[in-house]
Structure formats: structure tokens, C-alpha cells
Amino acid sequence: MTASNYYHNVIATYKGVFKAFSTMLFHKALIVSQLKWRELPPICSDVRQKQRLSIDTLPPEVKAPFPSDPIIPLRTKTTKEFQEDMERAVQSGDWREVREFYLTTFDSFIEINAAFKANGSFNTIDDSGVNAKFVNAVYDALLSTPQDIQKSVLKGIINSLLREWKGPRTKDDLRAYFILVQNPQYSSTSTYVIYAHLLRQIAALSEADHHFLVHWLKKLSARRFRQLVERLLQFISTRLFPAEPDELPPLAKCSWWIPSATKVLGLFNAANSVSSPPIMPFTDFYNITLEHIDFMEEYRTWQNYGNSNRFSFCQFPFILSTVVKKAIIQKDSEQQMISQARQSLVSKVSRRQRVDMNLLFLNIKVRRAQLLSDSLDELTRKRCDLKKKLRVTFVGEAGLDMGGLTKEWFLLLVRQIFHTDYGMFTYMKDSRCHWFSSWKCDNYSEFQLVGTLMGLAVYNSIALDIHFPLYCYRKLLTPPTVPCDQNALVGMATATLDDLQQIMPEMAHGLGELLSYEGNVEEDFYLTFQVFQEEMGVVKSYNLKPGGDRIPVTKQNRKEYVQLYIDFLLNKSIYKQFAAFYHGFHSVCASDALMLLRPEEVEMLVCGSPELDMSALQKAAQYEGYSKTDTTVRCFWDVVLAFPLELQKKLLHFATGSDRVPVGGMADLNFKISKIDVPTDWLPISHTCFNQICLPPYRTRKELKHKLTIAISNAEGFGLE
């Protein structure tokens, strides 16, 4: 009998039990589907400081109201003894002792604790009191045991879940859930019914219980943590799109499966977020399967019902890939664009005026010689049309904008705005990024223009060659939607020494030295809570707190000094500049969809992804004058695929104006290789507005590599043709 059939027999045996169980007890678990996202463990900014906090000192709302733990029987088997039992069973074929261990251990929550609970007291929130090494050994061996043993484990879990559903939760119950969720048997679809009920009970736990589980989960090994995340993602995908129609119960009868699994996955995401560094990249929580569902219906449900009892994947944005979020933002923007255009059309018709199709677009007309001032005037004058489809015209030049002129307008503006001579932004050589100049002026409209440009780029799917630090995008999402109160502060994201390190590494290093200095801080550093900053050649002083020039920095107050200085550098000294930038961006991207995004994802939408896949670019490439079998084309791809990453980035920048890839991947670039009938001593030419590279008919790989390397290594600016 196969393992799959064996599991099916277990389910069939307990089918009647589950049916009665569902009607008698699990109807109480409807509260699971009514859990709000706020009931999952809150991720507050000071979680890292509380990681070793005693349970006794936790605030009342975080403490779990645990009843007295029941008396646990004494079980003394160690990891080494269990492994020796397994070795003897494998060699002799006598599994009686191992069978008895598994049968007893998984019979109830009490027995699970008896087997795996570590000795000693556990006074911090991070200590689960579970012998992780023993749990790993037992689970690692489970799938290699005879099927009747595996069956007994599943039977015990069913009995445990039935028995433990009622009553208040104890700390031992949480340990049992923590142990049971690690069972590797749930990778089989034949165990999904049991797995679903386990997830339902975990999802229904209180916020305080979830708080403990989050801190226990982050203590798992990276390998085990990833396995559990991938298992949950697979469970959700299989429930949405089962391989066989009859593989799982009808979706209508178990609609709570996906919400329960997603909420438990949220605990893992929370554990990953409070870990420093994160256990796994946040992108590994994406479920690519969700790219094939009606995500706009999910978005509308979320907009209409919020984080209420109506489940939507948008309540858990960590599971949605950037591709899905970009599509939601684009479709949302399209609907807003259509709405804007319809209003303009209706207004014209109602006044019996002639309808001009230009009113359906945001028409920007600029002179190349006055590019910045004309663009600022146009966007200011037409700020009510920002959500219409963008169309750019260069005065005195013939041509219809089919996308190329729009991209050229973006590239030329970005090139001019971020030039060091212009003074709006400072290029930080050590961190290779731009930051806001702190000079003061009466008009910050040009910073608003930059924010508007970024918003228009997102709306119109244009990747910009902008190099802001990640902290800038965190500020853009603080808050993610513009406050109703016009006097409310914006962009004041909490800043840390790590954030400063991304922008001003030397300054961050100096402040770090101050924090770790063992000598007399006051006498050796001779600092006060007053700082100095050069603005337009003039040195100005600023107090970090009232009377700061008279307050010396000491060993006792140096942490306060460092925090205030960081906040001054990254927030207060550039507040007006960034506030204008923030409002410019949100004047275009005023969408609820922004609340779904992480700062890293906003950066990807604005600038594209840094992950290059030249093989994918080769598959998606288009040709004009060449075919993919021509000698020049074959030599081109041989050379490019062999390039180091740095040269591949230079090639992409040379051809497209950016060394990043659109969120949708290389296929979204519409990259084209064209033939140009010129002598072969010419260098390749690029048309960045059309993502096009023009190659003379080079005859050898060596010649092509030499010419291409010179071209991409010496192209200035955007290499516009």
C-alpha cells in the first residue's frame, strides 16, 4: 500500500469523527474568519529592544492569560537515545519501541509536552521551552518509519485537535501547536484536512498567544523556517488550483482553509520582520500562484470591507508579489484616468462645446532649451489632469508620441534635475546615492516636480534612473496616504544609525564610535547638543533640543544626542524639501494600493529591479534587419552572456537609459536589435527612448566584443541618440 493510500485510509477512518466535530465544535471557530489583521502580532518599532524582556514585565495587553499548566507525566528519553532506537529498528526490523514512542508522544498535547518540553524555567518571551534538537530528530526520522507508525501519528494528532479545542489555552498548548505545525507529513495533500484544522486552531488563538508564537518561530533554524513557509505557500496554491478536481474537498465546504493558512503565514512573516537580519528575503513570502487569480476583485473587497470579517489577500500584502501589486496600481490608475477623462468629456458635452480628443490626455508641451521650467509650468497648470494618460510633445519637432518621446522627456528631466551643478540633490560618493540638499529657499516647487515625475513614472510604467537610498522610499510611505489634516507632518519616518549608514557612512561611523567610546565623552569629544551645517557656503548652527548649545554630550546622554542628530540629518533639516517631494508623488499616486507596498517595492516600481537575466532578454529580443540566426546576432549574445555583471548593467543602461529591469521582467523592455548599414569600424548606437541598440554588421566575435565594450564603457549620461 502506498503512503498516499495509507493517508487516505486515515482520513476515511476519521471522516465521521470530523463531520461530527465540525458541526459540534468547529462552528465555534467561525471567529477565525472574523479575525482582523490587527489581531495578528503587532510589529512595533521597539520590538527588537524587547526581545529579552521578561514575561513579568510585559504590559497587560501582551501577557497571555495562561491558566495553570496541567501535571505533565515524566518522559526521560533523550535525542541520543531516540536516534539509537531508530538505528536498532532499521537494522533489526523490530520497530516496536519506536512505534510505542510515536504512539504515546502524539496522543495528546500533554504527552507532546512531556516528550519535548525542555527542563528549566522560561522567563523571556523568546524561550519556548521546547527541546528543538529533539523535535528535529523525531520529525526528520518520521517519514522513514513504517506507514503504520506514520498513521498512528496522524491519528494521535486528530485526537489531540479534537480534545484540545475547548477551554482556555495554556502555555503548554502553545508549545504543542508550535511543535505540531512543524510536522513534515503535511507536505502530502492527503493530510491537508488535518493540516487545515491545525491551522484553523492556531489562527484562532488570541493576540497574546500569537505574540509568543511569533517570537518562538523566529528561533527556528533558517532551514526549518523556510520549509514551513514553503509548505504553507504550497498549501494555499494547491487549495486554489488542485492538480486533480477530486483531490481535495469542495472549496465551498472548506472556504476557511485559505484564510486560516494565510493568517498563520502572517505569523511567520511577522517573525521574519522582527528578526535582525531577516531569516529569509521578504520576496520569498510571495505566492506566484496569486498572479493567476482575480486580484482586482481581492482589491475591491479590501477597499470595501477593509480588515473586517471579509477575507482578502490584500489584508496580507506580504503574500502578493510586486507583479501583482504593480498590476493593481496600474489598473487602479487606469480606472482613475478613465474617470478623469470621462468627467472632462461630459463637461464639454454638457456645455455643448466641441469635443477635442486631446482632453483625454495629460498633454505636456516643452521646449528642449527650457525643459525644466516648461515642465514645471505645464505640470502646475495641468495638475487636475495628472491622472490622465501622459503624452509629450517637443515644441518645433514633428512626431507623434507613441511612448518614445515620453521616455525621452523623463530621461532628460532626471538627467538635468540630478546634475550636481543644479544643487537640488547632493551625490553621496561613499554610498553612491542622491540625497536632498538642505539649503533653504522660498519656493520648493521643483522638489514637488521631482515627486510628481516619480508618480507619473509609476502611473505610466516608466523605469527611472534614480538612485535614492531605501530610507527615502520609507519616508514616502510615512504615511502611505496623504493625511486629511493639511498641517499633519509627512515623511517623518523613524531613523536609525543603519539608515544613516546607507546615506552618510562616514557620519554613521563617527556616531557609532561616539556610542562605543570607553573614555570620558564630555572632555574628549567636547560636544554639545548643537550641530553645524554648511548651506550655500555659509555655516549655520542648529540646536538639537532647546538650549542645546549649553548642554554637553556625556556618556549618559550620548544615545539621545545620536538619535536627535540622525533625526535632524534625515528628517528635520530637509523637511520642507521632502514634504514638497512627498506631496508631488502623492498628487499622482493617491491610491489605496500604496498601503500594500513595502519601501523596497516602491523602489522597484520607480526604478525597476536590479536582478538581471540576460538569457531572458535574449528570448524576448526583437530584431529589425537581422534575424536571430545571423552571425552578428549570435556573436552579440555570445559576448553579452559572457560579460561580467558590471558590463551587463552598462549594456542595459546604454540601450535603455537604466541598468534596472521592469517589475514584469525582461520581456517588458521590448528590447530590439537593429541593423545599421555603416562600416564595421563604427561603434554600436543606442536609442534609449525605444530600448533599441543598432549594430553594424560585425563579422567576428572579437571585433563585436571590442566595439561593444568601448561603446557601453564610454557612453556619457543616458547615451541618447
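1. Leaving aside neighbours within four places in sequence, tyrosine 102 is in contact with Phe82, Val138, Ala141, Leu142, Thr145, Ile149 and Val153, contact meaning heavy atoms within 4.5 Å. The model is predicted: local features need pLDDT of at least 70, side-chain atom pairs count only at pLDDT 80 or more, and totals for chains, interfaces and linings use all residues. Residues are numbered from 1 along each chain as its sequence is written, and side-chain values use heavy atoms, with hydrogens and water left out.

2. Tyr102 and Trp409 have the most contacts inside the largest nonpolar core, which has 175 residues. Such a core is a set of buried Ala, Val, Leu, Ile, Met, Phe, Trp, Tyr and Cys residues joined through side-chain atoms within 4.5 Å; buried means under 20% relative accessible area with a 1.4 Å probe, protein chains only. Helix H13 (residues 257–274) supplies the largest share of this core, 10 residues. Helices (H or I, at least four residues) and strands (E, at least two) are DSSP runs, numbered from the N terminus. Another core, of 29 residues, lies apart and includes Tyr626, Val633, Val639 and Met666.

3. Serine 312 is placed in the loop between helix H14 (295–305) and helix H15 (322–350). Why does serine 312 count as buried? Serine 312 counts as buried because its relative accessibility is 0%. Its side chain reaches the backbone oxygen of glutamate 298 at 2.8 Å and the backbone nitrogen of cysteine 314 at 3.1 Å.

4. Strands E3 (residues 425–428) and E4 (residues 433–436) pair in the antiparallel sense over four bridges; pairing requires at least two bridges found by DSSP. Phenylalanine 425 has phenylalanine 436 in E4 as its bridge partner. The hairpin of E3 and E4 has four residues between the strands, and arginine 432 takes a positive phi near 55° there.

Technical notes:
Buried < 20%, exposed > 50% of the residue type's maximum accessible area, 1.4 Å probe, protein only. Polar contact = N/O pair within 3.5 Å; in protein donor to acceptor, adjacent residues only side chain to side chain.
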